[in-house]
Amino acid sequence: MARAFLFVLDSFGIGGAADAERYGDTGSNTFGHIARACAEGRADREGLRKGPLFVPNMLSLGLGHAAKTATGFSIDIGSKVQLASAFHGAAQEISSGKDTPSGHWEIAALPVRFDWGYFPDTVPAFPADLTEAIIREGEVPGILGNCHAPGTEIIERFGEEHIRTGKPICYTSVDSVLQIAAHEVHFGLERLYEFCKVVRRLVDPLNIGRVIARPFIGETAASFERTHNRRDYSVPPPEPTLLDRLTARGSRVIAVGKIGDIFAHRGISEVRKAAGNMAMFDKALGAMDDAGDGDLVFANFVDFDTEFGHRRDVAGYAAALEAFDRRLPEALARLRHGDLLILTADHGNDPTWHGTDHTRERIPVIGTGPGFGGDIGLRTTFADIGETVAEHLGLASGRHGTSFYATIGGHA
């Protein structure tokens with residue numbers, strides 16, 4: 001029996017990207033800077049966490065070795081003996097951008113070799129004809145925002161006016177995205193979803209990667225809170241991904257978290273969602289229990305990115321990593337002969353960095369499974385991950401990426 005499990009720690013980059021300068025991110029290192037802050041006591045928070053970063057289970061899978069491969073230097077967060085059945089390495093992204101679709105599509109063996117569309121950092125940010133079409137075809141009295149902004153900040157700024165006027169809050173960032181915040185009750189959750197579908201169609205000619213519904217609750221700026229009913233409306237991948245190849249041959253792809261949205265629900269057999277990383281981990285464990293021969297469980301743990309990276313919350317990010325690490329043995333205990341587990345990321349989001357956006361970084365590629373082990377070095381594309389999973393599950397090689405299956409002891 002061959003099964004595969006891909007766990008993406010959303011935004012958990014490990015620095016060292018060769019093209020970071022192009023993105024203004026030279027020196028960014030999500031893992032390294034969090035670890036350093038913890039070691040120096042700058043990530044201590046009463047009632048949350050204290051002291052050096054404690055992630056012994058990920059270290060036993062080779063996280064420290066992966067960081068050294070990515071950056072060329074060691075991070076002193078304590079010693080941990082690596083499991084004999086663990087493998088480790090790092091990967092450099094070749095896709096355009098440093099956002100979620102680019103990273104995940106490349107992990108699934110389809111690099112993004114075209115340029116996404118972006119909105120300028122001006123006020124207004126959106127072209128006038130697009131704004132007019134959004135208002136007209138979305139049947140709203142107008143829009144608020146129309147600028148670059150962090151999500152929580154713009155809801156605080158415009159939320160009360162949104163409730164009074166019924167105008168949705170539309171904003172963007174350095175990513176190829178148009179985000180729409182609206183109140184779950186006063187505007188309506190289903191209405192927000194339908195509105196986003198209209199906007200998705202309108203931004204297609206601009207090659208915008210995602211339209212994201214950002215629902216919130218509360219009655220005043222002091223009480224507004226985003227809910228976990230976020231939904232992403234992505235452009236479908238231009239070629240078959242690993243997920244398409246698997247479902248085409250009859251295998252199941254169980255998507256945990258926002259994976260289904262990222263791939264526009266193409267190549268997805270089943271979606272399982274929950275609110276928060278720990279509830280998502282429960283869903284991932286259930287999917288592991290249910291997966292059969294030839295199946296893939298593809299899970300995204302989004303809180304690292306949305307709750308801590310974008311909010312530049314070092315202590316919160318560190319605590320989330322430690323919480324994830326504490327649950328990891330539950331996944332390891334479910335592995336049986338023929339299973340392959342890979343932990344990775346889709347980009348960086350260094351909480352010590354300037355601004356509030358993603359950072360261009362290399363990603364860890366660590367994992368385990370009965371009979372596996374070794375050093376895969378620095379991979380030149382995330383697509384090597386997808387091709388390794390493909391070989392493990394008995395698929396023919398795809399057009400992008402090179403499998404490292406033989407390097408870790410696999411025999412197709």
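This passage covers cysteines, aromatic pairs and charges over rings in a predicted model.

The structure contains zero disulfides. A disulfide requires cysteine sulfur atoms within 2.5 Å. For C147, the closest cysteine sulfur belongs to C170 and lies 10 Å away, so the gap is too far for a bond. C147 itself is buried, at a relative accessible area of 5%. For C196, the closest cysteine sulfur is again in C170. That separation is 8.3 Å, also too far for a bond. C196 is buried as well, with a relative accessible area of 0%.

F12 sits in the loop between strand 1 (3-9) and helix 1 (30-39), whereas F31 belongs to helix 1. The pair therefore ties together parts that are 19 residues apart in sequence. F12 is buried at 1% relative accessible area. F31 is buried too, at 0% relative accessibility.

F216 and F224 form another edge-to-face pair. Here the centre-to-centre distance is 5.1 Å and the angle between the planes is 75 degrees. F216 is buried, with 0% relative accessibility. F224 also counts as buried, at a relative accessible area of 13%. Elsewhere, F7, F281, F301, F304, Y317 and F324 make up one aromatic cluster.

Arginines also lie over aromatic faces. R191 is placed over the face of F187, 4.0 Å from the ring centre. R231 lies over the face of Y193, at 3.9 Å from the ring centre.

Terms used
Residues numbered from 1 in each chain as written. Predicted model: local features only at pLDDT ≥ 70, side-chain atom pairs only at ≥ 80, totals over all residues. Heavy atoms only, no water. Buried < 20%, exposed > 50% of the residue type's maximum accessible area, 1.4 Å probe, protein only. Helix = DSSP H or I, 4+ residues; strand = E, 2+ residues; numbered from the N terminus. Phe/Tyr/Trp six-rings, centres within 6.5 Å; stacked < 30°, edge-to-face > 60°. Lys NZ or Arg CZ within 6 Å of the ring centre and 35° of its normal.
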